[in-house]
Amino acid sequence: MAIVEPKKITTSKGLDIEIVSAQPEEAAKVLSHLNSIVAESEFLLITPGETIMTIDEEKKYIQKVNDSKNALFLLAKYNHEIIGLITARTFEHRKKLDHNCDLGMSVSQEFWGQGVGDAALGLLVDYYRKSKGIEKFNLEVFSSNIKARSLYKKHGFVEESLEIKKYKLSSGEYVDNIKMALWVGK
Ligand SMILES: CC(C)(COP(=O)(O)OP(=O)(O)OC[C@H]1O[C@@H](n2cnc3c(N)ncnc32)[C@H](O)[C@@H]1OP(=O)(O)O)[C@@H](O)C(=O)NCCC(=O)NCCS
């Protein structure tokens with residue numbers, strides 16, 4: 001079972017945040033967080049109004065993650081409300097990919113710049129360094145997302161490749177995709 005021990009942090013503005021593994025019964029709240037962050041950030045794949053998952057699909061997904069060997073789904077909470085999430089998707093059904101995980105993360109706008117993303121990513125990387133279940137972390141980031149690129153570099157991620165004009169924004173502007181990775185294996 002891939003579950004982390006709850007961790008408490010205090011943000012740079014003095015707010016007490018808890019980082020915990022998601023539970024299936026929180027599926028509706030997770031979707032609500034995702035819907036709100038999609039409206040707040042242009043750096044996510046989903047455009048406002050596009051379907052994410054049904055509550056039932058999300059519930060099953062969280063259960064599957066928690067039952068898995070290495071996948072993680074963590075929530076950052078303030079006053080018991082979800083204000084951020086970080087997920088590590090794994091490939092346990094593919095032996096040749098089993099040492100990888102794909103990361104995704106978001107923090108609600110109100111809490112940006114207070115160290116929540118930093119703490120969540122640190123907790124996740126630390127978990128895998130100790131469990132030794134995963135050797136390579138992969139993620140994709142809009143080239144224009146300077147903040148996220150800087151956060152990932154701070155945690156040791158390197159830029160591995162560039163996909164030109166991968167994204168097309170509603171303004172008609174194209175944005176490149178950067179693939180970043182962190183190797184923690186031998
Ligand atoms: C990217 C995101 C997860 C960062 O979370 P956060 O809680 O705001 O980040 P933190 O406050 O923990 O900052 C951590 C690091 O990010 C970088 N960072 C944060 N704010 C920044 C800014 N305004 N400019 C440049 N770098 C910044 C810095 O490296 C910072 O470390 P430092 O404080 O030691 O300099 C958050 O802004 C977010 O959810 N954005 C929208 C969704 C998104 O872009 N997700 C990532 C998709 S790949």
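Student: Which two strands form a hairpin with two residues between them, and which residue in the turn has a positive phi?

Tutor: The hairpin is made by β3 and β4, and Asn79 in the turn has a positive phi of about 50 degrees. Before going on: this is a predicted model, in which local features need pLDDT of at least 70, side-chain atom pairs count only at pLDDT 80 or more, and totals for chains, interfaces and linings use all residues. Residues are numbered from 1 along each chain as its sequence is written.

Student: What makes a stretch a strand or a helix?

Tutor: Both are DSSP runs, numbered from the N terminus: a helix is H or I over at least four residues, and a strand is E over at least two. By that rule the protein chain has four helices and eight strands. Along the sequence they come in the pattern β-β-α-α-β-β-β-α-β-α-β-β.

Student: Why is the chain called as compact as a globular protein of its length?

Tutor: The radius of gyration of the protein chain is 16 Å, close to the 16 Å from the globule rule for 186 residues, so the chain is as compact as a globular protein of that length. The radius is taken over C-alpha atoms, and the rule is 2.2 Å times the number of residues to the power 0.38. The C-alpha atoms fill a box of roughly 45 × 40 × 35 Å along the principal axes.

Student: How do you know that β3 and β4 pair, and in which sense do they run?

Tutor: Two strands pair if DSSP finds at least two bridges between them. Seven bridges join β3 to β4, and the two run antiparallel. Within this pair, Lys77 stands opposite Ile82 in β4. β3 also pairs with strand β2 (residues 16-21), again in the antiparallel sense, over four bridges. There, Val20 has Leu75 of β3 as its bridge partner.

Student: What makes the phi of Asn79 and His80 worth a remark?

Tutor: Most residues other than glycine have a negative phi. Asn79 has a positive phi near 50 degrees and is not glycine. His80 is not a glycine either, yet its phi is positive at about 70 degrees. Asn79 lies in the loop between β3 (72-78) and β4 (81-90), and His80 lies in the loop between β3 and β4 too.

Student: Why is β3 described as largely enclosed?

Tutor: Five of the seven residues of β3 are buried, so the rest of the structure largely encloses this strand.

Student: What makes a set of residues a nonpolar core?

Tutor: The members are buried Ala, Val, Leu, Ile, Met, Phe, Trp, Tyr and Cys residues joined through C-beta atoms within 7 Å. The largest such core here has 40 residues, and those touching the most other members include Leu72, Leu74 and Ala120. α3 gives the most to this core, with seven residues.

Student: Which residues is Leu74 in contact with, leaving aside its neighbours within four places in sequence?

Tutor: Contact requires C-beta atoms, placed from the backbone, within 7 Å of each other. For Leu74 the partners include Val4, Ile19, Leu85, Ile86 and Leu124.

Student: Which element gives the most to the shell around the ligand?

Tutor: α4 does, with six residues. A residue is near a molecule if its C-beta atom, placed from the backbone, lies within 6 Å of it. There are 22 residues around the ligand, and Ser41, Gly117, Asp118, Ser150 and Leu151 come nearest.

Notes. A residue is buried if 20 or more other C-beta atoms lie within 10 Å of its own, exposed if 12 or fewer, and partly exposed in between; C-beta atoms are placed from the backbone. Two residues are in contact if their C-beta atoms, placed from the backbone, lie within 7 Å.
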